[in-house]
Amino acid sequence: MSDTHQILVHGVCPHDCYDTCGMEIEWKDGQIYRIQGQTDHPITQGFLCFKVNRYLERVNHPDRVLYPLKRTGVKGAGQFKRVTWDAALRDIADRLGHVIDRFGGDAILPYSFAGNMGVLSEGSMDRRFFAAIGAANLDRTICTASANYVLRQMFGQRLGPDPEQIPQAQMIVLWGANPMATNVHQIPLLDHAQKNGAKIWTIDPLNTETAVRYHRHLPLTPNSDAILALALGRYLIHHELYDQNFVEQYTAGFAAYRDAAEPWSLETAAWHCGISPAAIEELALDIAQIRPLLIRPGFGMQRQTNSAWAVWAVASLAVLTGAWKDTSGGLLLSNSDAFPLNWQGIHRPDLALGQSRTVNMVELGIALEDGSTQALVVYNANPAATAPEQAKVLRGLSRKDLFLVVHEQMMTDTARYADYVLPAALSMEVLDLHLSYWHRYVQLNIPGGPPAGESVANTELFRRLAKAMHLEDPAFQESDADLIRTALDTDHPYLTGITLESLYENPVQKVRISEETRPFIDTRINTLDGRIHMEPIGGNRSFGGETGKYFLLSPSRRETIKSSFANLESFQRRLPDPELLVNPFDADAEAWNDGEWVRILNQRGTTKAKVRISRVPPRGTVVSYAVRWNHSADGTNINQLTPARISDIGGGATFYSTRVDITREGAADDVG
Ligand SMILES: Nc1nc2c(c(=O)[nH]1)N[C@H]1C(S)=C(S)[C@@H](COP(=O)(O)OP(=O)(O)OC[C@H]3O[C@@H](n4cnc5c(=O)[nH]c(N)nc54)[C@H](O)[C@@H]3O)O[C@H]1N2
Ligand SMILES: Nc1nc2c(c(=O)[nH]1)N[C@H]1C(S)=C(S)[C@@H](COP(=O)(O)OP(=O)(O)OC[C@H]3O[C@@H](n4cnc5c(=O)[nH]c(N)nc54)[C@H](O)[C@@H]3O)O[C@H]1N2
Ligand code: SF4
Ligand SMILES: [Mo]
């Protein structure tokens with residue numbers, strides 16, 4: 001590329017977000033110069049969000065890692081010196097080889113998530129590499145594991161209505177979702193539905209911006225979702241307001257469902273959920289009577305101990321009501337299986353050396369403390385800030401005998417503990433294919449220039465590591481273009497005609513499912529017997545051990561995506577200190593003042609924050625939005641408090657099943 005001209009390319013926002021926006025990226029003199037929402041993109045509609053509007057701050061941030069770095073100080077101190085790629089790769093290959101010889105391949109643990117959601121960046125060469133060295137398997141559970149499990153059990157796949165149909169729905173239930181912060185391109189669609197006369201309910205313990213924007217808000221007690229949903233189902237059954245024809249024609253397990261719902265009368269449920277029986281009845285009647293009915297759960301409602309139970313009970317409402325019969329109706333929780341790529345071809349599980357242990361990523365702290373892990377390779381994630389039971393995780397990362405390699409764009413809390421930090425390219429510098437877990441567009445992200453400094457794409461990192469470890473399989477020589485061709489190499493009708501070449505011509509293509517197609521009515525139900533299964537799932541997990549006085553919720557915040565963007569100066573200036581939102585009644589009862597420092601603690605850990613008196617949390621619940629960098633505070637954040645307890649079924653995370661005590665800062669030593 002010549003250094004003087006200006007070019008415009010199609011990019012895709014790589015961050016872990018429902019919206020997977022199309023972007024117009026302008027490069028000038030070899031630098032990223034301007035980033036805008038794609039104007040003619042049907043979902044993006046020319047605007048980006050609060051965070052990505054500030055992307056140039058991220059591109060040019062002083063925390064960017066641009067060269068391979070080797071640790072010189074103690075772990076966690078963040079002291080490094082620059083080394084060459086050759087030297088770094090040679091030493092890493094030696095040390096991983098040594099672990100394999102002494103402890104076996106599965107003493108090496110990869111840890112990654114969705115820092116970059118590109119198909120190649122999220123998981124391709126890396127999967128091949130770790131399979132071929134016999135590394136431990138990582139169960140990537142931290143976000144949606146319970147929902148995935150339940151959807152597969154009930155429907156055989158993760159498919160929902162097309163979000164572009166939302167304006168046609170007349171009754172919408174946003175259940176544990178806060179799209180004003182996390183899914184901003186859903187807002188115009190919801191507003192449109194509202195203008196068309198739709199009634200929109202928000203079911204969330206918190207009085208979020210979303211709850212404030214739409215008609216009705218049901219502030220249920222945290223983690224009482226399954227009970228509410230079962231009470232709604234029971235009401236519909238008792239009053240013969242459910243869709244008997246649909247249940248007979250399409251489902252199995254109705255009797256078991258009915259039995260499970262039976263204990264939950266309006267009164268019993270109202271007591272558990274902290275709302276009035278009349279409010280539940282009003283919602284039940286709306287669900288029964290208004291069509292099309294769209295139930296839109298967020299992933300927020302499944303970060304609880306009985307997560308699978310909650311998802312099952314809520315999803316069952318979309319079945320019981322026959323909501324799927326309308327094109328804009330049903331359950332919109334995930335559209336991930338609208339993209340049937342050649343996943344085996346990308347991941348190549350056949351390269352695996354044999355059986356390796358599997359680690360649930362929620363339990364990273366345990367895997368680092370129980371002696372099973374000698375080397376950890378982190379990319380696309382920042383577990384020092386985002387994993388639960390942080391005290392354990394940080395102790396593990398500090399282990400002198402742990403060999404830690406981190407591939408990153410930024411000097412994150414995790415990178416500071418690394419033996420080697422390797423520089424990761426920005427998505428704008430890398431060819432990749434993008435899907436969405438919400439909408440139905442396949443997109444090509446076209447780089448406008450080469451990676452800055454000596455940074456490399458995730459695929460290139462693992463190509464280099466494979467070479468350094470003498471892995472000869474041709475699978476490690478495939479280029480990014482080859483990988484995309486492999487990914488799209490399928491006969492599935494949803495992907496007909498979508499090829500790398502056609503994506504270069506038109507980088508935003510809808511999967512070939514007609515907007516009129518109703519999931520599970522017009523498509524096969526992918527369970528063994530071709531029926532939707534209503535039998536109860538989960539619900540038997542005890543919440544034991546959580547004794548603190550307050551419920552702590554730590555949902556997504558508008559200004560960051562988890563820890564990403566929390567190091568931007570604009571964010572630090574706006575919100576320099578960690579904050580804890582508390583209800584005015586609680587503040588009054590405890591005589592806390594706005595702006596006062598408090599210590600938050602429980603059996604797992606402790607962190608501090610400034611009180612902010614707010615009407616967002618109800619009485620008895622406090623809120624700290626996820627998440628800040630430890631390093632920008634006292635070395636800790638809110639994940640000191642969250643549990644690594646696994647959900648009832650599916651292995652999911654339970655961040656929102658946390659109780660805490662709160663003391664005035666300074667008194668912490670007296671409590672324990
Ligand atoms: N701006 C921004 N956008 C993001 C993210 C971000 O961090 N910031 N994160 C991205 C990621 S990784 C994900 S997974 C998605 C998540 O986005 P969402 O699906 O919206 O989920 P959360 O933000 O986890 O939580 C949503 C709501 O669930 C509520 N909630 C908490 N506990 C309960 C409960 O027990 N029952 C019910 N009914 N509601 C409850 C919370 O109060 C919160 O308002 O957003 C993505 N988009
Ligand atoms: N308290 C609390 N904790 C939570 C949650 C919560 O609701 N509350 N939510 C949980 C959820 S839903 C999720 S999904 C997890 C997310 O947790 P993480 O997966 O740790 O997500 P991020 O904090 O966004 O960190 C992603 C990192 O990937 C890096 N990155 C971006 N692109 C690339 C790339 O191309 N290559 C490489 N090598 N690195 C890249 C970014 O710089 C960033 O540091 O957090 C969980 N943690
Ligand atoms: S974070 Fe989400 S809303 Fe923001 S630009 Fe990226 S995909 Fe769009
Ligand atoms: Mo997530």
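How far does a polar side-chain atom of serine 564 lie from an oxygen atom of ligand 2? The distance is 2.7 Å. This is a predicted model, and the tour below begins at that ligand.

**Stop 1: ligand 2**

Select ligand 2 and display the residues around it. The shell holds 31 residues, and the closest are Thr386, Glu408, Asn458, Ser563 and Ser564. Sorted by class, 13 of the shell residues are nonpolar, 13 are polar and 5 are charged.

Next, show the side chains of Glu408 and Arg58. In glutamate 408, a side-chain N or O atom sits 2.5 Å from an oxygen atom of ligand 2. Arginine 58 places a polar side-chain atom 3.0 Å from an oxygen atom of ligand 2. Of the 930 Å² of accessible area that ligand 2 has on its own, the protein covers 97%.

**Stop 2: the domains**

Colour the protein chain by its domain assignment: domain 1 is 69-142 + 342-430 + 457-490, domain 2 is 146-336, and domain 3 is 550-664. With these colours on, return briefly to ligand 2. Domain 1 and domain 3 each give at least three residues to its shell.

**Stop 3: domain 2 against domain 3**

The C-alpha centres of domain 2 and domain 3 are 27 Å apart. Where they touch, 18 residues of domain 2 and 23 residues of domain 3 take part in the contact.

How much area is buried between domain 2 and domain 3? The figure is about 1700 Å², with carbon and sulfur atoms giving 59% of it. Now select Leu206, Arg303 and Thr305 on the domain 2 side. These three supply 37% of the area that domain 2 buries against domain 3, more than any other three residues.

**Stop 4: ligand 1**

Keep domain 2 and domain 3 in view and select ligand 1. Why does ligand 1 lie between these two domains? Domain 2 (146-336) and domain 3 (550-664) both give residues to the shell around ligand 1, so it lies between them.

Display that shell. It consists of 33 residues, the closest being Tyr18, Asp204, Asp225, Thr560 and Tyr656. By class there are 15 nonpolar, 10 polar and 8 charged residues around ligand 1.

- Aspartate 225 has a polar side-chain atom 2.5 Å from a nitrogen atom of ligand 1.
- Aspartate 204 has a polar side-chain atom 2.6 Å from an oxygen atom of ligand 1.
- Serine 556 has a polar side-chain atom 2.7 Å from an oxygen atom of ligand 1.

On its own, ligand 1 has 910 Å² of accessible area, and the protein covers 98% of that.

Notes. Residues are numbered from 1 along each chain as its sequence is written. Chains are lettered from A and ligands numbered from 1 in the order in which they are written. This is a predicted model: local features need pLDDT of at least 70, side-chain atom pairs count only at pLDDT 80 or more; totals for chains, interfaces and linings use all residues. Side-chain values use heavy atoms; hydrogens and water are left out. A residue is near a molecule or strand if one of its heavy atoms lies within 4 Å of it. A polar contact is a pair of N or O atoms within 3.5 Å; within protein, one must be able to donate a hydrogen and the other to accept it, and residues adjacent in sequence count only if both atoms are side-chain atoms. Accessible areas come from the Shrake-Rupley method with a 1.4 Å probe; for residues, only the protein chains shown count as cover. Ala, Val, Leu, Ile, Met, Phe, Trp, Tyr, Cys and Pro count as nonpolar, Asp, Glu, Lys and Arg as charged, and the others, Gly among them, as polar. Domain bounds come from an automatic or database domain assignment. Contact means heavy atoms within 4.5 Å. Buried area is the accessible area (1.4 Å probe) that two parts lose on being put together, summed over both.
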